[in-house]
Amino acid sequence: MRRLPLILPALWLGLLVAMPLLVVLVLSLSFPAEGIPPFSLPNCAEGVNTESFTLLLEDPFYRDAFLGALAVAGGTGLLCLMLAFPMALGLARAAPSWRPLLLALVLLPFWTGFLPRLGAWIGLLRDEGWINGLLQSLGLIEAPLPLLYSWPALFLGMVHAYLPFAVLPLYASLSRIDPVLEEAAADLGATGPVAFLTVTLPLALPGAAAAFLLVFIPAAGEYVIPELLGPPSAQLVGRVLWGEFFQNRDWPVAAALAVVLLILLILPIRLFQRLEARR
Amino acid sequence: MKRLPMAALGLVLGLLFLWLPVLLLAAYAFSDARIPFQWGGFSLRWFAALAGNARLIEAAWLSLRVACGAATLAVLLGGAVGWVLARHGPFRGRALFGALAGTPLVLPDVVTGLSLLLFFVMLESLTGWPAERGATTILLAHATIGAAYVAVLVQARLSELAPELEDAARDLGAAPPVAFATVTLPLLAPSLVAGWLLAFTLSVDDVVVASFVSGPAGTTLPMVVFSMLRLGLTPEVNALAVVVLSAAGSLLALAMLALRLSQSRGRPP
């Protein structure tokens, strides 16, 4: 009985976290088949099927899906950092009585729901939407610009969705920096930008790394935003995996995509966990 | 101090970027126009359409039920996981336990969804359960994700609290479960409430994991909204966002008020 508080959560983690990942690995080595469910497991007679992985390695469509996803995730991470840094600095330097309200303002748009916010971007960017309407009524353009279903729309949606993830860790690390340090730097002759670059920025680096990874990791597998805002050519890995599973019903290839995505993400994930453990 | 205006400007611009689409969306939920985002005079017709959309209402109820169940289960399990990580002594497999506890936090949604679905399918072929995927499988998936977040909050809070507090209660004659319930649990309560709210939010907002692990029987609100957005925006989605935002805003205001009150009574926040 005394071990119950240990056994129950361990059982849960084993069953619903470890097992599903093992099952994905097994499925990625399975044979596609007609029927429900559409696969047959590796077995003694046929061995394992590595063709799903061969396909991923050889077909440039899948290679581009991975490269594209990593590039989009990296770009989103950098854009979020550039926007979040001044925001976090503003938060950290605001009067203490204002901070809870300002933090709430950063987080509250979250609670309109992820999808309605994407809906708002669709409404802004579509042909008969806000931006095109404004430009046309000002006489700047004749025909509506194709803003929606484009790469800029994809990045706008990604940055808008993930920005708060970047603000919070940056704010946490910036608000812990003692302002006396910058004053000391100023006394020693380093003023303004120099003090900022040599004192504040290096101290904020761990927070910046956490912020980047907190955006990069989920963004690498993002499905919804490329689907709703991106161009049809944005066949990133999340979208490709979804298509293989729901449209092509090729479960082994979908599982292989998940396995390769995880392998690609293990390095940044380990880095993130290392950073978290140090805090 | 020279940079203060610059930083403040950055904050204001960032907040504008976050809020502008949300505010436009909220304003146009009250517009009487067929084409979204074209002003056609004040109207509540989209709220009426929302209330009359049976499919949407049914999905909303399912989402609320699943989110309440998942958040409650997540608090129980995540609380236990956080307690084990912070307070349980060394045991075999501790490193693995810690790694598994953190895994749902870092998996992309498509990987979580696909792996849980394949697990449920395999489980069904081995044991016959779950014969039908829907509310139950979504609840289990969301509870697993939520529990990982609760565990982080609980572990952080427990490592701030002195274990001696519970020892003192035991020295004064309280049995270990009583000492836990009367000393540690009340001190843990704010983290548990925060964890419940976080798990609830993650659940009602999730479309990817739910789409994977659900069957024809279970369509949650985000799944309906997603299909509406794919077909082109309907102003009903704007009206829905206004309802959700007002509910979330009032909850936040209540939480801040409660925090104020508990602080003014001299209790630690």
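Predicted model: local features only at pLDDT ≥ 70, side-chain atom pairs only at ≥ 80, totals over all residues.

User: Good to know. Let's start with the interface: how many residues of chain B are in contact with chain A?

Analyst: On the chain B side there are 72 residues, and they are in contact with 81 residues of chain A.

User: And what area is buried between the two chains?

Analyst: About 6,900 Å² is buried between chain B and chain A, and carbon and sulfur atoms give 83% of that.

User: What about salt bridges across it, how many are there?

Analyst: The count between chain B and chain A is 1 salt bridge. Its partners are E227(A) and R230(B), whose side chains meet at 3.2 Å, N to O. Helix α1 of chain B, residues 4-28, gives the largest share of the side of chain B that touches chain A, with 15 residues. By class, that side of chain B has 57 nonpolar, 12 polar and 3 charged residues.

User: And how many residue pairs are in polar contact there?

Analyst: The count is 6 residue pairs between chain B and chain A, with both residues at pLDDT 80 or more.

User: Switching to the inside: which residues touch the most other members of the largest nonpolar core?

Analyst: That core has 162 residues, and the ones touching the most other members are L115(A), V224(A), I225(A), L257(A) and F212(B). Helix α3 of chain A, residues 60-93, gives the most to this core, with 15 residues.

User: I've clicked on I225(A). What is it in contact with, leaving aside its neighbours within four places in sequence?

Analyst: I225(A) is in contact with F114(A), L118(A), L154(A), G157(A), M158(A), A161(A), Y162(A) and G230(A).

User: Now T184(B). Buried or exposed?

Analyst: T184(B) is buried, because its relative accessible area is 4%, and buried means under 20%. You'll find T184(B) in helix α8 of chain B, which covers residues 176-205.

User: Which side chain does T184(B) make a polar contact with?

Analyst: The partner is E166(B), with a polar contact of 2.4 Å joining the two side chains. Not counting residues up to four places away in sequence, T184(B) touches L158(B), E166(B) and A179(B).

User: E166(B) again, then. Which residue does E166(B) meet in a salt bridge?

Analyst: R170(B), at 3.3 Å from N to O. Both residues lie in helix α7 of chain B, residues 164-171, where they are 4 residues apart, about one turn of the helix. As for accessibility, E166(B) counts as buried at 10%, whereas R170(B) is partly exposed at 37%.

User: Which residues are joined into one network by salt bridges that share partners?

Analyst: E227(A), R239(A) and R230(B) are joined that way.

User: On to the backbone. Where is there a cis peptide bond?

Analyst: Look at W129(B) and P130(B), which are joined by a cis peptide bond with omega at about -5 degrees. P130(B) sits in the loop between α5 (109-127) and α6 (135-160) of chain B.

User: What is phi of Y149(A)?

Analyst: Phi of Y149(A) is near 55 degrees, a positive value in a residue other than glycine. Y149(A) is in the loop between α6 (130-137) and α7 (151-175) of chain A, and is partly exposed with a relative accessible area of 44%.

User: And R249(A), what about its phi?

Analyst: R249(A) has a positive phi of about 50 degrees although it is not a glycine. Its place is the loop between α11 (237-247) and α12 (251-278) of chain A. With a relative accessible area of 40%, R249(A) is partly exposed.

Terms used:
Residues numbered from 1 in each chain as written. Chains lettered and ligands numbered in written order. Heavy atoms only, no water. Contact = heavy atoms within 4.5 Å. Buried area = accessible area lost by both parts, 1.4 Å probe. Salt bridge = Lys/Arg side-chain N within 4 Å of Asp/Glu carboxyl O. Polar contact = N/O pair within 3.5 Å; in protein donor to acceptor, adjacent residues only side chain to side chain. Helix = DSSP H or I, 4+ residues; strand = E, 2+ residues; numbered from the N terminus. Nonpolar A, V, L, I, M, F, W, Y, C, P; charged D, E, K, R; others polar. Core = buried A, V, L, I, M, F, W, Y, C linked by side-chain atoms within 4.5 Å. Buried < 20%, exposed > 50% of the residue type's maximum accessible area, 1.4 Å probe, protein only.
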